[in-house]
Structures are given as structure tokens and as C-alpha cells.
Amino acid sequence: MLLLSKKQDWLGNIRGDIMAGIVVALALIPEAIAFSIIAGVDPKVGLYASFCIALITAFTGGRPGMISAATGSMALLMVTLVKEQGLQYLLVATLLTGVLQILAGYLKLGSLMSFIARSVVTGFVNALAILIFIAQLPELTDVSWHVYAMTAGGLGIIYLFPYMPFIGKSVPSPLVCILLLTAIAMYLKLDIHTVGDMGDLPDTLPFFLWPDVPLTLETLKIVLPYSVPLAVVGLLESLMTATIIDDLTDTGSDKNRECKGQGIANITAGLFGGMAGCAMIGQSVINVKSGGRGRLSTLCAGTFLLIMVVFMDEWIKQIPMAALVAVMIMVSIGTFSWSSIININRLPLSANIIMLATVIVVVWTHNLALGVFVGVLLASLFFANKISHFMYVDSTLDEDSSTRTYHVNGQIFFNSADSFVAYFNFKEVLEKVIIDLTHAHFWDISAVYALDKVVIKFRREGADVELIGLNEASATIIDRFGIQNNPEEIGKVMGGHS
Amino acid sequence: MTNQPPNVLACIDGSVLTEAVCDYAAWISQRVAAPLELLHTINHHPEMANNANLSGNIGLGSQEHLLEEIILLEQQQSKLKLQKGKLLLQAAKERVIAAGTADPICSKRHGNLIESLIELEDSIRVLVLGIRGQVHDNKNKQLGAKLESVIRSLHRPILIVNDTFKEPQRIMLAYDGSKATNKAVDMVAASPLYAGLNCHLICVNNNEDTAAKLLQQATEKLQSAGNIEVTASKLKGRADQALCEYQQTQDIDLTVMGAFSHNRLHDMLLGSFTHKMLLNTNKPLLFLR
């Protein structure tokens, strides 16, 4: 099941996939190195992870053409673990992350994505972009002017080179930036940080290695608080990226398979000495832009990455960090959703608040999972508040019999229960009160309590109370409602209501 | 859809065989008195990339721009395909009306042919399909890429057209006593399509007695249905060769047979009889499944 794919997913677009795979592999190298540095591990940990994850998700992933590798969002979550416990515990945490993700896949938690509102997604990508940018700042503080000049020059090359005639659109500009800056640094023998200063690079193929830690409950206690957010953020970013690629390519994807695929990829990465990773928004967009559509593009990206890194490690060591910083700034600019800033005046205030709250929480805590949690919570509250306005009560008085009939319309639930009670006038002296609920919906127990309260108050004032249409109104309380998407049942409950 | 009478469905794609497909479909629809539906599918190829910008950078609003660019490109391509499909269906409609079919239904569907046919299966009475599509025009020894999948996935009679239309007079029914061919005999006996035609019932079997017995049974079945003139013959040798030779010498216009009764693995190892017949004959084949 996990390995099943249509022939066209692999062979539908061979030329485009291979070319795009090469472009993506070239762009993955600086990112994998940069993210390893964020996490505080040797660049080889990120590079091995990127290779393993790209290779495995090509087969097991649910979204053909999506690029998964070591990512910044995940790297940020593991900083403390690496600092306090070391690399071996990171590998165990990666394994556990994979297991949790597979579990999520089998529990079909991918469908929970529908709870994440659009504004939360926007906040997530914006926060991610800001974090990637902030992570570059240490390389830009307390350094000589050469570094600033090289970074600025690198950005210039990246964005201006594509306008060159003939070769502009057939050679990846980040590659040109890296090659040129490396050549300049080597020629001028500049004393600036290079990739080689940051730790070991891979010189062999990755090999199987069981993490060197005691398999005790103590270990589990150490890694679990890291694995859970890693698993959550990994799935969130992967599923969000999958949705973006779905939109771009006008095709569907299997979200639950993606969860399992990410899990298997992370387990593999952990066993071969790599850090945890997930899908990458920026790289996946680059892949589609370069003409990649099928699984072959992901496979090629992983394979070319490894080949280039293993055989050119002596050269990669010479790359100045300034070149990597330029590439990463490009990634953060490309990941940021600029339309959410440009359109900020046109979007509803609640959407902007949700987006900004998500961004602020993430930038503050460096934890994307927390940001998404706050965003989802806010979005739900705003929604509940909006829906609670869909309720009003009007009434008619029959003076002869001293009877007032209240007609209740709309949605009554925890948030609107108090305003529901406030509609009733208990000071009025009446013989009889009729409450017509035919056009109301009682969604939860709070609504029922509110109704009880109204009835009791009227009775204490000496009025007789009659309820009309209670059965129709309370049909929505039953939890089973909503699980069955049966048009007839929904018609029965909602029918005749406006 | 379920309340409608099942249609004769003709698949139109603009290949050389399209006209013949229209003619045969018109002929069948008139004989069985079923409505004729002309189907053209418009297939996007989302697995194929149309654009390739290898500059490998992403900047301000890259994702939005990329989406717009791709949508614009695909919209233009789809519009062209829609236009082409409209013209094709118009031409096909005129042709079948000229052939005497009143009121053919024209349908256009998005998606690939096999998926569309599987969705439409319940409303199909007979499917009429060219042996090869537009991609393989003028490659005489090549079968259409989707042909086998279509035949395997549908359980409706399928007429495979491989030559210009000639109103069938003599049909050949290959019979070997298997379940698939027994079903074929039943269907031939029951359908108004074959009424008044000369049916050559052929059994290829190296054992004469078995062949005679099998032919005896089938002939009775066919004759009991009435209006079918049966000529029974026993042949020897390899079934596909023998049948093709017979077809040529007796000037048979249409061959009726079962199809792909083995699974794909069996056929991959031992070769498929249906496949050989498709390759070697130059008269239309009607597969009853």
C-alpha cells in the first residue's frame, strides 16, 4: 500500500523530473548545511537526513513531486536537546518522531488538517520565514565588512542572474552565487567563515547505526518532550506543503499516506545518522517551478544531493558562509507570504489577528506547534463568536389571556446562551409564556441549561410555561449528528429553519 | 442516468478511425434501437510539466506568481482542447445523422478515457472504440495504449474498429466451450443485432469429436433464437492463425469472441489470444464480456 504508485507518478514526466531534481539537489545542499548549523550538529547530519528523507518519501510519500528533507522548523525544535544531551539522543528522538508520525497516519489524523484555518497556515509560513531569517543573523553579527559585501553580492546574483539572456533561465542562480562567491573567497584568500569551519562533512555513504543510548524509560522521558512537537510540526508543515503543491499542480494527494511516509522517512534518517525532517515549502515550490511533477523528481533530488556531497566534500568545505546566508535569505523571502501583508487592509480583522498571533507566538517561543495551537484556538473562538450572532428572539403578547409567545430563531450554544437568556423579560407580569423553538438549534448542554433557567425563572414569577418544537430544536445536541453526512438526516434537523 | 436506456457509446478522438467508429456505432444503434452517444474525453496531463524555469530561486510572491502562470498556461491549452473536441463532436454528429441515426447525444468529459468509461459503464450497452488512438495513427501494427485496460475494466460488449465501415453480412463466432464463449453464444442468440445475419460458428480444436459435439450444442442454441443463419465449421491448428485465415477466405465482416478471460500475469507469460487476434485481424472484433 505504501509503496503502491501509479506508473505516471514515476514516469509521466521523466525529463522535467530529472532536471528539476538536479536544481533542487543544488538548492538542498546549502539548506541542509544551514539547518544542521541551526540545530547545532555537524553538517553531515543534515545532509544524511536530507538524502534519506528525500529518498524514502519519493516512494512512501502521499504527494508526488513534494520535496522533503532536513528543515529549519524541525531544527529549531531540537536545539536544546542537542545542547544538553548530544547527537545520540537527537537520533533517538528522530526515531520516536517517525513512530509517532506513522501512528498519526494510521489514526487518520491527517484529516484534522481541516481544523487549521487559512490564516493559521499563513501565520505558520510567515513565522517559518522569519525564523529562517533570524537564524542567519549570528553569521552576520561581529564580522568583517567582507561578509556583508559577499552576502549582498550573493543576493544580487540570485535575483538578477535569471534576467541574463540565454543562460539565465537554464542555470540555477543560487548555484552561480555559491560558485562565484567561493571562487572569490579562495582567490582573495579572505579570512571568513566557511562551511568547513562548521563541522564534519560526509565523506562516505551513510551507514546503518543504532543510536548509542541506553534503552530505558529515562531516555524516553528525555526525548518524548522533543519528539511530540517534532512529529506535530513535521506533519503540519508536510500537509500544508502538500496542499500548496495540490493547488499548484491541480492534482490530489493522500494526506494520511503522507503522514506514514514522513514517519518511515524519519525512522530511516534516525537509523542512518540523520536529524528529523519534513516537507519543505520553498524547495517544493522550486521543484514545481523547475518543471518537477512526479516522484522521480524527489528521488533525483536526494540521489544527486548525496553524489555531489560525497564526491565534492573538499570543495563544499571552501564555500563561504556568506554564500549560504544569501541562499537562506532567499529561501526566507520566498517562503514569506507577502500577499498577507499587502492585503492586510482588505482582509477581515479577525484573520489578521489570527495570523499575527501565530507569528508572534512562534517567533517568541521558536516552536511552530505552539503557534499553530494558538492560531487554531483563536480561529475557533472567532468562529464561535460570529455564529453566536445568528440568534434572535421576538415575541407577541395576547393581552386578553395575558400570554406572551416568544419565537426563538438561530443558533444557541455555549457562547450565545447568555444573550439567549437576556432576550426574555422576567419583569413582565404574565399568566402564561409560550416559547416557540421550532426555528432554533440547541447545539450543546449549555444551551439546554440556559433554556431550563428561563423556564424556571418564569415559573417562579408565577407563569405557566409551554415549549413548542423542542424536539426539532434539540436534535442537534446528539453527538452522532454531524458524523453522518446524510442529506436526509441533515434536512430533517435543519429543514424548515432559516 | 440509471433511468435512461443504455446507450451505444462511440469514443471519438480525431484519429483516422473516428469516422469508421461513427459508422459502426450508427449501424449498431439502429439495429438494436438504442440511443447513440458520442463521447470525447479531454484529458489534462497534470503529471506533465509545461513550464520549466531552472533558475532555482524564489522571491517575493513566487508561489502566487507560479500558480497564476501555470493556471494561465493550462487554461489556454484546455480551451484549445475544448474547441477541438467541439469540432470533432460536431463532425461526428453530422456523420451519424447522415447515416440515419436520429438525435445522437454528444458528451464531453474531463479526465482520462478509462476513468470516464468506468463511471459511465452502467449507461453503456455497446462500446465502440478505434483500435488505436490519434497518437498511433498510421502505425498499423500497433494497438492503442489504453485498449487492453479498457477491455479488461469494462464488462460490456466492446466493438473494436480497425478499418473503414462495411455493413456486416457474415459474422464469425469463435467457440471453444469455455465459460466466456458460452456467454458470447447466449448473447448473440439474444441480441437483435445479429438477426438476419449469416453466422459462421467456428471451433478450433484438434480433436474432431470434441469439436463436433461443441458445435452441435452451440448451433442448437443459436438456431433456437430464430433469425440467425448458422454455418458451423471445425478448424485445426493454432486458433489465432486458423481464425484469421478463415476470416479472409470466407470474407467475414465481423468477428465475435470473448476477451481476456485470463489474468494479466497469465497473459504476460503465455501470451494472450485476444491480443494476437487484435494484432492479426483487419476486420472489426466484437468482444462479449
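Q: Which residues in α2(A) meet α14(A)?
A: P30(A), E31(A), I33(A) and A34(A) in α2(A) meet L324(A), V327(A), M328(A) and V331(A) in α14(A). Two residues are in contact if their C-beta atoms, placed from the backbone, lie within 7 Å. Helices here are DSSP runs of H or I with at least four residues, strands are runs of E with at least two, and both are numbered from the N terminus.

Q: Before I get carried away, what kind of model is this?
A: This is a predicted model, where local features need pLDDT of at least 70, side-chain atom pairs count only at pLDDT 80 or more, and totals for chains, interfaces and linings use all residues. Residues are numbered from 1 along each chain as its sequence is written, while chains are lettered from A and ligands numbered from 1 in the order in which they are written.

Q: Back to α2(A) and α14(A): at what angle do the axes cross?
A: Roughly 95 degrees, and the axes come within 10 Å. Axes are lines fitted to C-alpha atoms, for helices over the stretch in contact, and angles run from 0 to 180 degrees between N-to-C directions. So α2(A) and α14(A) are roughly perpendicular to each other. The cut-offs: under 35 degrees is roughly parallel, over 145 roughly antiparallel, 65 to 115 roughly perpendicular, and the rest oblique.

Q: How many residues of each class are in that contact?
A: The contact of α2(A) with α14(A) has 7 nonpolar, no polar and 1 charged residues. Ala, Val, Leu, Ile, Met, Phe, Trp, Tyr, Cys and Pro count as nonpolar, Asp, Glu, Lys and Arg as charged, and the others, Gly among them, as polar.

Q: And how do α2(A) and α4(A) sit, roughly parallel or roughly perpendicular?
A: Their axes cross at roughly 30 degrees and come within 7 Å, so α2(A) and α4(A) are roughly parallel to each other. On the α2(A) side, F35(A), I38(A) and A39(A) take part, and they meet residues of α4(A) including G72(A), A75(A) and L76(A). That contact divides into 8 nonpolar, 1 polar and no charged residues.

Q: New topic: is L55(A) buried or exposed?
A: Buried, because L55(A) has 22 C-beta neighbours inside 10 Å. The rule is 20 or more other C-beta atoms within 10 Å for buried, 12 or fewer for exposed, and partly exposed in between, with C-beta atoms placed from the backbone. L55(A) belongs to helix α3 (residues 43-60) of chain A.

Q: What does L55(A) touch, leaving aside neighbours within four places in sequence?
A: L299(A), G302(A) and T303(A). L299(A) is 244 residues from L55(A) in sequence, yet their C-alpha atoms are 5.1 Å apart in space.

Q: How many residues does each chain give to the contact between A and B?
A: Chain A gives 41 residues and chain B gives 22. The chain A side has 19 nonpolar, 16 polar and 6 charged residues.

Q: What about chain B, how many helices and strands?
A: It has 9 helices and 10 strands, and 37% of its 289 residues are buried.

Q: Which residues of α9(B) are buried?
A: F273(B), T274(B), M277(B) and L278(B). They fall within an arc of 140 degrees seen down the helix axis, so they line one face of α9(B); the arc is that of the directions from the axis to the C-beta atoms. These buried residues pack against β5, α7, β9 and β10 of chain B.
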